[in-house]
Amino acid sequence: MLKNCFEMESELEITIPVCSGTKLRSKTGNVQAVHLLGVEKSLAVVRSEAGVLNPYDTGNGMLLESLLHTAFDSFQWCMDEFLNVQVSDQGKAGGLGKFEGRRLNLQIDKTTYPTVQMLRVRFELFKKHVRDRQSRSINQKRGRRMFVDAFTI
C-alpha cells in the first residue's frame, strides 16, 4: 500500500524506501534498483572519491519506480544531502515538478543505504549536468539567432 509518493509499506508493515509517482501494483515489475553513482568507467574517480569501492555496492543505490529511475539517470531530478528533491527544467517539462522541494523518505545508514557524502557527490553531478544543459541551450539559441540575423540583413 502506498502511503505517499515517497514511501511504500509492504503487507508485513515493513517500510521500504521506494520513490514512486504512481501506485505500486503487485507483480508489475515497476520498481528497480538505481545507482547513485553510475557504473560507467567515466565515473570511476568520482565513485572512488565518494568512498564507493565497488559500483555495485548496496550503499550506492536505492529503489525507484522505473520511470523515476530513467529520469534520475538522465539528471532530470536529484536529492541533496538533506534528501530534498530538486527537479531540472527538463524534469519539470516532463511532469516531475510536483516533486520539487519534497523530502525523500530514505534512511541514511553507513552500511546499507547512501551516505551523506554520496548524496553530496550525486547532487554536485546533477547541478553540473543542469548547468551544462542550460549552457548548451543558450549557445544553441545564440547560434540560431546569429544564423537568422545573417539572412535577414
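The side chains of E100 and K92 meet in a salt bridge, with N and O 3.9 Å apart, where a salt bridge is a side-chain nitrogen of Lys or Arg within 4 Å of a carboxyl oxygen of Asp or Glu. The model is predicted, so that local features need pLDDT of at least 70 and side-chain atom pairs count only at pLDDT 80 or more, whereas totals for chains, interfaces and linings use all residues. Residues are numbered from 1 along each chain as its sequence is written, and side-chain values use heavy atoms, with hydrogens and water left out.

K92 lies in helix α3 (residues 89-93), helices being DSSP runs of H or I with at least four residues and strands DSSP runs of E with at least two, numbered from the N terminus. At 42% relative accessibility K92 counts as partly exposed, and E100 is partly exposed as well, with a relative accessible area of 30%; buried means under 20% relative accessible area, exposed over 50%, and partly exposed in between, with a 1.4 Å probe and protein chains only. Leaving aside neighbours within four places in sequence, K92 is in contact (heavy atoms within 4.5 Å) with V87, G97 and E100. K92 and W77 are 15 residues apart in sequence, and their C-alpha atoms are 8.8 Å apart in space.

Side chains of opposite charge can pair when their charged atoms come close.

| E100 | K92 | 3.9 Å |

D132 and K128, by contrast, both lie in helix α4, four residues apart, about one turn of the helix. D132 has a relative accessible area of 31% and is partly exposed, as is K128 at 41%.

R47, placed in helix α1 (residues 44-49), is buried yet has no salt bridge, the nearest side chain of opposite charge being that of E40, 5.3 Å away; here Lys and Arg count as positive and Asp and Glu as negative, while His and the chain ends are not counted. Beyond its neighbours within four places in sequence, R47 is in contact with L37, G38, V39, E40, V52, P55 and N60.

Aromatic rings come next. Rings of Phe, Tyr and Trp (its six-membered ring) pair if their centres lie within 6.5 Å, planes under 30 degrees apart counting as stacked, over 60 as edge-to-face and the rest as tilted. The count comes to two aromatic pairs, one of which is the stacked pair of F123 and F126, at 5.9 Å centre to centre and 25° between the planes. Both residues lie in helix α4 (residues 116-152), three residues apart, and both are buried, F123 with a relative accessible area of 15% and F126 with 5%.

For the protein chain as a whole, the secondary structure comes to four helices and eight strands, running β-β-β-β-β-α-β-α-β-β-α-α from the N terminus on. Buried residues make up 35% of the 153 residues.
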